[in-house]
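Here is a quick tour of one predicted model. Have it open while you read.

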Amino acid sequence: MDYNYHTHTVRCGHASGSEEEYVIRAIENGIKYMGFSDHIPLKFPDGKESGHRIPVCDGRAYCDEIKALAEKYKDKIEIKVGFEMEYYPEYFERTLKEAKEYGAEYLILGQHYIKPENTGVFPTIKQNESVEELKEYVSTLISAMKTGVFTYVAHPDIFNFVGDTEVYKEECKRLCEASKSLDIPLEINFLGIRSTRNYPNDIFWQIVGEAGAPVTFGFDAHDTQNAYDGESLIYASEMVKKFSLNYIGKPQIVTI
């Protein structure tokens, strides 16, 4: 694995280490293609901002800093700057415009909530037995993929469904078929592996393998050490074999 496009920074408020330390760690472990994709700024109509994202006032500085590092280390590694972004239809056009204005080069889709956080909805990682919300989550991801602006889907199995397994399988199949037809990769998320979260979900990845949807890897680094995560790489590589996944390696960046 010589790439990783899922890296966060201290600016989001729940990561640690300097951006340059992440870059050095990546270079030392053979990463040739690196992307920073911290949580995109989002201000709501009442003027409040989401608490787990880069502040709006730091959006430009974040992109500028990563681009400066890209220039400094250009002989050793290719670095791109982007954002991890939810798809909220009511904010999509505005947020996409702002991402471009900040200087972002790409986006990955990370749907941590079905609806904007200011509506009081639970995060998708929280246990949920609602069939209606599972279907809404999958439909939201598919709608997002159809916009054509996302490079890949981060932790597509983050929705922590604890209801009817057969319903879950059907919805997973619907998502995987969309991924394959639109040729948008699904990420095996290394944060989920090393933190033993509800994802990667074996049921989900079995269906991914059966559907032949494209698969990529992402470190989802929130600290310097995990700018390279060799232990999780072993686990993810075993998943590829176990579920006969269509692992494509480095994803093709969709430039916004």
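## Around helix α7

Start with what sits over α7: the cover on its buried residues includes α5 (165-182), β6 (186-189), β7 (214-218) and α8 (230-242). The buried residues themselves are F204, W205, I207, V208, G209 and A211, in a helix that spans residues 202-211.

Both ends of α7 have something to look at. At the start, a side-chain oxygen of N201 comes to within 2.9 Å of the backbone nitrogen of I203. After the helix comes G212, with a positive phi near 75°.

## N189 in strand β6

N189 belongs to strand β6, and at 1% relative accessibility it counts as buried. What does the side chain of N189 reach at 3.0 Å? That would be the backbone nitrogen of G192. A polar atom of the N189 side chain also lies 3.1 Å from the backbone nitrogen of L191.

Leaving aside neighbours within four places in sequence, N189 is in contact with H6, H155, Y199, P200, G218 and D220.

## Salt bridges

The count comes to 15 salt bridges. One of them joins R194 and D229, at 2.8 Å from N to O. R194 is in helix α6 and D229 in the loop between β7 and α8, so the pair ties together parts that are 35 residues apart in sequence. R194 is partly exposed at 26%, whereas D229 is buried at 7%.

K169 pairs with E166, with the closest N and O atoms 3.7 Å apart; the two are three residues apart in α5, so about one helical turn separates them. K74 and E71 meet at 2.9 Å, and R11, E19, D58 and E65 are linked in a salt-bridge network.

Note on methods
Residues numbered from 1 in each chain as written. Predicted model: local features only at pLDDT ≥ 70, side-chain atom pairs only at ≥ 80, totals over all residues. Heavy atoms only, no water. Buried < 20%, exposed > 50% of the residue type's maximum accessible area, 1.4 Å probe, protein only. Helix = DSSP H or I, 4+ residues; strand = E, 2+ residues; numbered from the N terminus. Contact = heavy atoms within 4.5 Å. Polar contact = N/O pair within 3.5 Å; in protein donor to acceptor, adjacent residues only side chain to side chain. Salt bridge = Lys/Arg side-chain N within 4 Å of Asp/Glu carboxyl O.
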